[in-house]
Amino acid sequence: MFEISFWILALIITFIWIGIRAAFAIKNHNIVWLHEVKLLTVYICIIVIVRIVYFPWHLEDGHIGTLVFDSQRILPFRLNLRPIVHLFDIYEGWQRNLFGNIAMFIPVGLAWPFCFKKLDNIGKVVLSGFCFSLLIELSQLLFYDRGTDIDDLITNTAGVLIGAIIYFGICKVKELTERHHR
């Protein structure tokens, strides 16, 4: 059995982030500080999603609980591959699950095209957000107290779509406003 706290995992993610950004700076022979500041929005999205997805929502003795890996308890996987079956089940906290999964990924749909030039249309943003969500859902298979659910993939991707629509809508309004003022 192996336990990790949120703060240790956040620290690991931070060191990986810094390493990746340093590698890009070395490869490109410079650092574009404005771009690095913009990329902090992506980093924040990752940290917040990790907190919400992998760690207990409720505090234990005033602290965030731990993420537990126990190879003896992984199987059978907690896996739902039947779409929409449980999406609207009425249980305690169903609204938080449904709307929380959507809301949690709206910032991804906003931040990623803001930071990555190649994500220049809604389809590319949604596909990248879908892949990110799929990675998260599949990684939860390793933790006996987490569940992998196709409905989460659907709602997370819907959140990315909403964020992307907002982002590209703002870009379009800005473009039209600039044209109008010329």
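Visitor: Why is the crossing of H2 and H3 called left-handed?

Guide: This is a predicted model, and in it H2 and H3 make a left-handed crossing, because the term applies when the near helix is turned anticlockwise from the far one by less than a right angle.

Visitor: Which residues of H2 and H3 make the contact?

Guide: From H2 come His35, Lys38, Leu39, Thr41, Val42, Cys45, Ile49, Ile52 and Val53. H3 supplies Met104, Phe105, Pro107, Val108, Ala111, Trp112, Phe114 and Cys115. Sorted by class, the contact of H2 with H3 has 14 nonpolar, 2 polar and 1 charged residues.

Visitor: What makes the span of H2 close to the expected one?

Guide: H2 has 22 residues, for which 32 Å is expected at 1.5 Å a residue. From its first C-alpha to its last, H2 reaches 31 Å.

Visitor: Which residues are buried in H2, and what do the buried residues pack against?

Guide: Buried means under 20% relative accessible area. In H2 that holds for Glu36, Leu39, Val42, Tyr43, Cys45, Ile47, Ile49, Val50, Arg51, Val53 and Tyr54. The packing partners of the buried residues of H2 are H1 (6-28), strand S2 (67-69), H3 and H4.

Visitor: What makes H4 roughly antiparallel to H5?

Guide: The axes of H4 (residues 122-139) and H5 (residues 150-180) cross at roughly 150 degrees and come within 9 Å. That angle puts H4 roughly antiparallel to H5, because the term covers angles over 145 degrees. The crossing of H4 and H5 is right-handed.

Visitor: Which residues in H4 and H5 meet?

Guide: In H4 they are Ile122, Val125, Val126, Gly129, Phe130, Ser133, Leu134 and Glu137. Their counterparts in H5 are Asp152, Leu153, Asn156, Thr157, Val160, Leu161, Ala164, Ile165 and Phe168. The contact of H4 with H5 divides into 11 nonpolar, 4 polar and 2 charged residues.

Visitor: What are the buried residues of H4, and what do they pack against?

Guide: Val125, Val126, Ser128, Gly129, Phe132, Ser133, Ile136 and Glu137 are buried in H4. The buried residues of H4 pack against H2, H3, S4 and H5. With 18 residues, H4 reaches 26 Å from its first C-alpha to its last, close to the 26 Å expected at 1.5 Å a residue.

Visitor: Why does Gln140 count as buried?

Guide: Gln140 has 3% relative accessibility. The limit is under 20%, so Gln140 counts as buried. Gln140 lies in the loop between H4 and strand S4 (148-149). Setting aside neighbours within four places in sequence, Gln140 is in contact with Val53, Tyr54, Arg146, Gly147 and Thr148.

Visitor: How many helices and strands does the protein chain have?

Guide: There are 5 helices and 4 strands in the protein chain, and along the sequence they follow the pattern β-α-α-β-β-α-α-β-α. Of the 182 residues in the protein chain, 36% are buried. Among its contacts between residues at least 6 apart in sequence, 76% join residues at least 24 apart. The C-alpha atoms of the protein chain fill a box of roughly 65 × 40 × 30 Å along the principal axes.

Key. Residues numbered from 1 in each chain as written. Predicted model: local features only at pLDDT ≥ 70, side-chain atom pairs only at ≥ 80, totals over all residues. Heavy atoms only, no water. Helix = DSSP H or I, 4+ residues; strand = E, 2+ residues; numbered from the N terminus. Contact = heavy atoms within 4.5 Å. Nonpolar A, V, L, I, M, F, W, Y, C, P; charged D, E, K, R; others polar. Axes fitted to C-alpha atoms, helices over the stretch in contact; angles between N-to-C directions. Parallel < 35°, antiparallel > 145°, perpendicular 65-115°, else oblique. Buried < 20%, exposed > 50% of the residue type's maximum accessible area, 1.4 Å probe, protein only. Expected span 1.5 Å × (residues − 1).
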